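Colleague: Could you take a close look at one part of this model for me, the sheet and the aromatic rings around it? I'd like the cut-offs along with the picture.

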Amino acid sequence: MHENPVVARSSSEISDPALWKLYDYWSGKRGDRPMPSRADIDPSEIVSLLPHIMMVDVHIDADGRKKHWFRLVGTQVAFGTDPTRTYLEDQVGDSAYGTHITKLFSNASSLGQPLYSEYEYEHPESHGVRFARRLFLPLSEDGHTANKMLVGQRVESTKQLEKSLWQVQPDMIHELRLFAVRDDKR
């Protein structure tokens, strides 16, 4: 996992059509601002994407650490268990996957611009590979600091999935792509 993804690539490199559609929606809602606010996002305008979306609040705990609160988790993300109204950090623990995914969410919420990722995950007990694409889109109430994120996630697998990635806790994690999304429309 990169500590600080600095490479910016074109939004056209978002390889999943549904995630590209989500990026285009987010980009239209922000107008001339660096990022839109939560109030700008209208779920009725993106109904087909809702199963693949998470709405995440970014909190700072008493020790100054970032925590990510799942306000909403779509059905294609939360199968097996629903983490809505919990913290990511409480769901994943200290496993290799837990360390990986909390760093990914933390990097995304610190970046202040969209972040796109593609990873392969494998766990010896699952006997299959999962391929996850994620698009992290910052939201801001003050127009400058990301205090929420709209996250799109699409997972493919070589076998039927019964548990979410945070339930399986895969220990083999392979980064395929990770980049900040450059806005080509401006």
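Modeller: Strands (E, at least two residues) and helices (H or I, at least four) are DSSP runs, numbered from the N terminus. Bear in mind that this is a predicted model, where local features need pLDDT of at least 70 and side-chain atom pairs count only at pLDDT 80 or more, while totals for chains, interfaces and linings use all residues. Residues are numbered from 1 along each chain as its sequence is written, and side-chain values use heavy atoms, with hydrogens and water left out.

Now the sheet. It is open, has seven strands with mixed pairing, and runs β1-β7-β4-β5-β6-β2-β3. At the edges sit β1 (8–10) and β3 (66–73), each pairing on one side only. Ignoring direction, neighbouring strands are turned by 35 degrees against each other on average; axes here are lines fitted to C-alpha atoms, for helices over the stretch in contact, and angles run from 0 to 180 degrees between N-to-C directions. Zooming in, β4 (residues 115–123) and β5 run antiparallel and are joined by nine bridges. Tyr 116, for instance, has Leu 135 in β5 as its bridge partner.

Helix α1 touches β2 (53–60), β4, β5, β6 (148–157) and β7 (172–182), and its direction makes about 5 degrees with that of β5. Helix α3 touches β2, β3, β4, β5, β6 and β7, its direction making about 175 degrees with that of β4.

On to the rings. Phe, Tyr and Trp (its six-membered ring) pair if their centres lie within 6.5 Å; planes under 30 degrees apart are stacked, over 60 edge-to-face, and the rest tilted. The structure holds seven such aromatic pairs. One of them is Tyr 23 with Trp 26, tilted, at 5.9 Å centre to centre and 35 degrees between the planes.

Phe 105 and Phe 136 make an edge-to-face pair, 5.0 Å centre to centre with 85 degrees between the planes. This one links distant parts of the chain, 31 residues apart: Phe 105 is in α3 (residues 96–111) and Phe 136 in β5 (residues 128–139). Both Phe 105 and Phe 136 are buried, and together with Phe 70 they form one aromatic cluster.

Conventions:
Buried < 20%, exposed > 50% of the residue type's maximum accessible area, 1.4 Å probe, protein only. Pairing = 2+ DSSP bridges. Contact = heavy atoms within 4.5 Å.
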